[in-house]
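Subject: Handover of a structure, with notes

Dear colleague,

Please find the structure below, with the notes that I made while going through it. I would be glad if you could read them beside the coordinates.

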Amino acid sequence: MGSGCGGQPFRWTRQALAERAGRLAGGGRAILGIAGAPGAGKSTLAAELASALGAQRAVVVPLDGFHLADEELRRLGRADRKGAVDTFDGYGYLALMRRLGAVQDPVVYAPRFDRDRETAVAGAIAVPATVRLVITEGNWLLDDADPWPAVRQLFTETWFVDVDQELRLRRLVRRHVSHGKGQLEAHAWAEGPDQRNAERILSAASRADLRVRHDR
């Protein structure tokens, strides 16, 4: 029902994906990384898995909480391509994944990205030591630039989410409009910075342990 590295993605049922995630949560702490292009449905899939497993077994920790602040992006001259690989605190994310994998603290707090304010909120996601599965999702989990190869070594398994590209574009435009962009600006961003990111992300799909379709 699925494929390994480099294979063609299969459409998994929600139940089959939840069962696979459940097996990862069957022992000690495991980390599932879910990668994919902007608008692929990573956050939706992660939320579905966490809901199926329950809050006592699984918590979602998105990469988006490590977006650099807008003022820092402006200082670096990167504000016009927010979402690119160098607009995240990758090493901060790596440090958090190491801490989550070690399970040495009663609870670890992770940041959350507030899309309404377009900024990260520190200490917003609690991950108790009793949680068996951390589900983390983001664009760059399979990238070959540092620190992403080191990040992947911490994952128990990595999935890549494939999606119909026209559907992905529609999702992105709708998302940008819902967060304040006009239709023309939303299309320009989805077909510009988002698309450039998507092409780089798609080129790394073969590094995943599993490729799945998620077109809902």
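Buried is used here for a residue under 20% relative accessible area, exposed for one over 50%, and partly exposed for anything in between, with a 1.4 Å probe and protein chains only. Helices (H or I, at least four residues) and strands (E, at least two) are DSSP runs, numbered from the N terminus. The model is a predicted one, in which local features need pLDDT of at least 70 and side-chain atom pairs count only at pLDDT 80 or more, while totals for chains, interfaces and linings use all residues. Residues are numbered from 1 along each chain as its sequence is written, and side-chain values use heavy atoms, with hydrogens and water left out.

Two strands are said to pair if DSSP finds at least two bridges between them. Strand 7 pairs with strand 2 in the parallel sense over 4 bridges, and I34 has W159 of strand 7 as its bridge partner. Strand 7 also pairs with strand 8, again in the parallel sense and over 4 bridges, with V212 of strand 8 as the bridge partner of V161.

Helix 1 covers residues 14–24, and its buried residues are A16, L17, A18, A21, G22 and L24. These buried residues pack, with contact meaning heavy atoms within 4.5 Å, against strand 2 (30–35), helix 2 (42–53), strand 6 (133–138), strand 7 (157–162) and strand 8 (210–213).

Nonpolar cores

A nonpolar core is a set of buried Ala, Val, Leu, Ile, Met, Phe, Trp, Tyr and Cys residues joined through side-chain atoms within 4.5 Å. The largest such core has 32 residues, and those with the most contacts inside it are V61, L63, Y93, L96, M97, L100 and W148. Two or more residues are given to this core by each of strand 2, helix 4, strand 4, strand 5 (119–128), helix 5 and helix 8 (193–202), and its largest share, 5 residues, comes from helix 4. Another core, of 25 residues, lies apart from it and has W12, A21, L53 and L210 among its members.

Leaving aside neighbours within four places in sequence, W148 is in contact with L63, V85, G90, Y93, W140, L141 and D143.

Aromatic pairs

Rings of Phe, Tyr and Trp (its six-membered ring) pair if their centres lie within 6.5 Å, and planes under 30 degrees apart count as stacked, over 60 as edge-to-face and the rest as tilted. A search of the whole structure gives 2 aromatic pairs. The rings of F66 and Y93 have centres 5.6 Å apart and planes at 80°, so this pair is edge-to-face. The two residues are 27 residues apart, with F66 in the loop between strand 3 (58–60) and helix 3 (70–76) and Y93 in helix 4, and the pair therefore links distant parts of the chain. For Y93 and W148 the ring centres are 5.7 Å apart and the planes stand at 45°, so the pair is tilted. Since Y93 lies in helix 4 and W148 in helix 5, this second pair ties together parts that are 55 residues apart in sequence. F66 and Y93 are both buried, W148 is buried as well, and the ring pairs link F66, Y93 and W148 into a cluster.

Individual residues

R171 lies in helix 6 (residues 165–178) and is buried, with a relative accessible area of 13%. A polar atom of its side chain lies 3.0 Å from the backbone oxygen of G39, a polar contact being a pair of N or O atoms within 3.5 Å, where, within protein, one must be able to donate a hydrogen and the other to accept it, and residues adjacent in sequence count only if both atoms are side-chain atoms.

R112, in strand 4, is partly exposed at a relative accessible area of 37%.

The peptide bond from D146 to P147 is cis, with omega near 10°, and P147 is found in the loop between strand 6 and helix 5 (148–152). V103 is not a glycine, yet it has a positive phi of about 50°; V103 is found in the loop between helix 4 (90–102) and strand 4 (107–114).

With best wishes
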